[in-house]
Amino acid sequence: MTLAGYDCDVLVIGGGIVGLSTARALRAARPGLRVTVLEKEAAPGRHQTGRNSGVIHSGVYYRPGSRKARFAVRGAAELVAFCAERGIPHAVPGKLIVATEPAELPRLHELAQRARRNGVPVHELGPAQIQEYEPAVRGIAALRVETTGQCDFGAVARELARDVTVRTSAEVVAVDRRRGRGVAVRTARGEVVRARAMVNCAGLYSDRIARLAGDEPGLRIVPFRGEFYRLRPERSWLVRGLVYPVPDPAFPFLGVHLTAGRDGEVHIGPNAVPALAREGYDWRTVRVRELAATAAYAGVWRMARRHWRYGAGELRRSLSRRAFTTAVRRLLPEVREEDLLPARAGVRAQAVRADGTLADDFEIAEAPHTVHVLNAPSPAATACLPIGREVATRLLAATPLD
């Protein structure tokens, strides 16, 4: 590959909601800038963007001052406004975070304090008030969060794609970066695309793209599959809105929750288990090279030693619908095993460090002519607009494109 002549000013690798938002932010910040998004699938938003619960998170859970906290709070309001402006169906029904046993009450109180520090209004409820919102849900205390919303993130991605240039079926397999000159990438089809700068928003493959560019990301993407069920339509009355458990602070996962969609369908999940491929949406999907690379990473084994009990519980619920039902009954006692029907799964791109710790904030790194978005799981869809601006600002500040 050579760098003689540029095909565009900036290449954005990855046509998920974060990559599309970044491309849009670059063009807004610098009108006339030639920005091209390369997406390996036949259409944008096919993976994390299009396979989630559709919840616009309010910013309750995240460490005050973190990117997740700042960008989720700001992003939720901006995303609702964007949906309204573009005619994308959405709603702001609010949600409950419910404690089901006394041991959870200190964590629920801490969540309330954290939410208020993040600027998210919450109301503390007792059992009778929980029943007013969700008659079939049982709990001893709860937080009511009014600003939690819902939308179709796939529709948001399609609308963002209208504002930018996207080349589909363009999987990047090689990167040639020359300091002071720019970047050339080669796609699986053999096409070469040259640019003055590059943004890596490759999601499940962000660490791989970073290494192709010659940068060591200092972490590894480990895929976790989120497995969902849905309630039989005749039992959908059991859940009126959005109901979450009190999360375990040791993990970035929010636990099995209840989501009544705008279409009336109720989803329950996710159960989080290691996937056997980066796009492993079921147990049958195995990519030996990806699995071997994950297994060879020391950080995975350190993580497993630290959290094996939690992982064993998730695995048991994955393999047994009865065990999954038992877990759901903590919140929803009336649910029966036969009420649960399989639903589409998603995969979370979770960054794991070499010491086995899970990256708990958005990770954005800079290199010559390059910005890498290395960890952007939930609530990245909610926060996509401010994340895009942050990445665009960093790239434009570090790379002269005039």
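Reader: How do strand 5 and strand 14 pair, and over how many bridges?
Author: Strand 5 and strand 14 (residues 242-245) pair in the parallel sense over 3 bridges. Two strands count as paired if DSSP finds at least two bridges between them. Helices (H or I, at least four residues) and strands (E, at least two) are DSSP runs numbered from the N terminus.

Reader: What sort of model is this, and what are the thresholds?
Author: This is a predicted model, where local features need pLDDT of at least 70 and side-chain atom pairs count only at pLDDT 80 or more, while totals for chains, interfaces and linings use all residues. Residues are numbered from 1 along each chain as its sequence is written, and side-chain values use heavy atoms, with hydrogens and water left out.

Reader: Back to strand 5. Which strand pairs with it in the antiparallel sense?
Author: Strand 7 (residues 141-145), over 5 bridges. Leu 96 has a bridge partner in each of these neighbours: Arg 144 in strand 7 and Val 243 in strand 14.

Reader: How many residues of strand 5 are buried?
Author: 5 of the 5 residues of strand 5 (residues 95-99) are buried, so the strand is largely enclosed by the rest of the structure. Buried means under 20% relative accessible area, exposed over 50%, and partly exposed in between, with a 1.4 Å probe and protein chains only.

Reader: Which residues point which way?
Author: Lys 95, Ile 97 and Ala 99 point one way from strand 5, and Leu 96 and Val 98 point the other way.

Reader: Which residues of helix 1 are buried?
Author: The buried residues include Ile 17, Val 18, Leu 20, Ala 25 and Leu 26.

Reader: What does Val 172 touch?
Author: Not counting residues up to four places away in sequence, Val 172 touches Ile 13, Leu 38, Val 185, Arg 186, Thr 187, Ile 209 and Leu 212. Contact means heavy atoms within 4.5 Å. Val 172 lies in strand 10 (residues 172-178) and is buried, with a relative accessible area of 10%.

Reader: Aromatics. How many pairs?
Author: The count comes to 3 aromatic pairs. Rings of Phe, Tyr and Trp (its six-membered ring) pair if their centres lie within 6.5 Å; planes under 30 degrees apart count as stacked, over 60 as edge-to-face and the rest as tilted.

Reader: Why is the pair of Tyr 61 and Tyr 62 put in its class?
Author: The ring centres of Tyr 61 and Tyr 62 are 6.1 Å apart and the planes are at 65°, so the pair is edge-to-face. Both residues are buried. Phe 71 and Phe 362 form a stacked pair, 6.5 Å centre to centre with 20° between the planes. That pair links distant parts of the chain: Phe 71 is in helix 2 (residues 67-86) and Phe 362 in the loop between strand 18 (346-353) and strand 19 (363-367), 291 residues apart.

Reader: Where does Arg 51 lie?
Author: Arg 51 lies over the face of Tyr 281, at 3.8 Å from the ring centre. Arg 225 lies over the face of Trp 283, at 4.4 Å. A charge sits over a ring if NZ of Lys or CZ of Arg is within 6 Å of the ring centre and within 35 degrees of the ring normal.

Reader: And how many salt bridges?
Author: The count comes to 37 salt bridges, each a side-chain nitrogen of Lys or Arg within 4 Å of a carboxyl oxygen of Asp or Glu. One of them joins Arg 278 and Asp 207 (2.6 Å, N to O).

Reader: Are Arg 278 and Asp 207 buried or exposed?
Author: Both Arg 278 and Asp 207 are buried.
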